[in-house]
Amino acid sequence: MQPGGQFDMQAILAQAQQMQQHIMDAQAQLAEAEFTGAAGGGLVTATVSGTGELVGLVIQPAAADPDDTETLADLVVAAVRTANAEAQKAAADTMGPLAGGLPGLPGLGM
């Protein structure tokens with residue numbers, strides 16, 4: 001703050017620009033990351049990107065019972081959910097500190 005209780009707008013803008021760059025870097029890092037989830041003791045394995053896009057699915061032959069496709073479907077859903085949960089956790093861990101805002105401004109951080 002400057003004398004008289006006014007904010008230094010140049011400093012605030014510089015902090016905002018730096019924060020924006022950190023956020024963009026973190027988003028790029030997450031987009032390149034891959035997360036894996038498995039179900040049925042590894043019978044089905046799903047891989048998602050950091051943005052949650054399904055990029056791979058491996059189904060072991062033992063999981064492919066033509067008389068029980070419901071179980072296979074459940075395993076696929078569970079594996080994808082697990083992989084997405086890992087991606088979301090990584091995103092929260094990566095982006096969480098950046099969501100704190102600008103220090104010293106009411107409503108924009110501590």
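**A first look at this chain**

Hi everyone, let's start in strand E2, residues 44–49, where we find Ser 49; strands here are DSSP runs of at least two residues (E), helices are runs of at least four (H or I), and both are numbered from the N terminus. Before going on, please note that this is a predicted model, where local features need pLDDT of at least 70 and side-chain atom pairs count only at pLDDT 80 or more, while totals for chains, interfaces and linings use all residues. Residues are numbered from 1 along each chain as its sequence is written, and side-chain values use heavy atoms, leaving out hydrogens and water.

Is Ser 49 buried or exposed? Ser 49 is buried, at 7% relative accessibility. Buried means under 20% relative accessible area, exposed over 50%, and partly exposed in between, with a 1.4 Å probe and protein chains only. Leaving aside residues up to four places away in sequence, Ser 49 touches Ala 31, Ala 33, Glu 34, Phe 35, Val 55 and Ala 87, where a contact means heavy atoms within 4.5 Å.

The term means a side-chain nitrogen of Lys or Arg within 4 Å of a carboxyl oxygen of Asp or Glu. The structure holds 1 salt bridge. Asp 93 itself is partly exposed, at 48% relative accessible area.

Stepping back, the chain has 2 helices and 3 strands, in the order α-β-β-β-α along the sequence. Of its 110 residues, 22% are buried.
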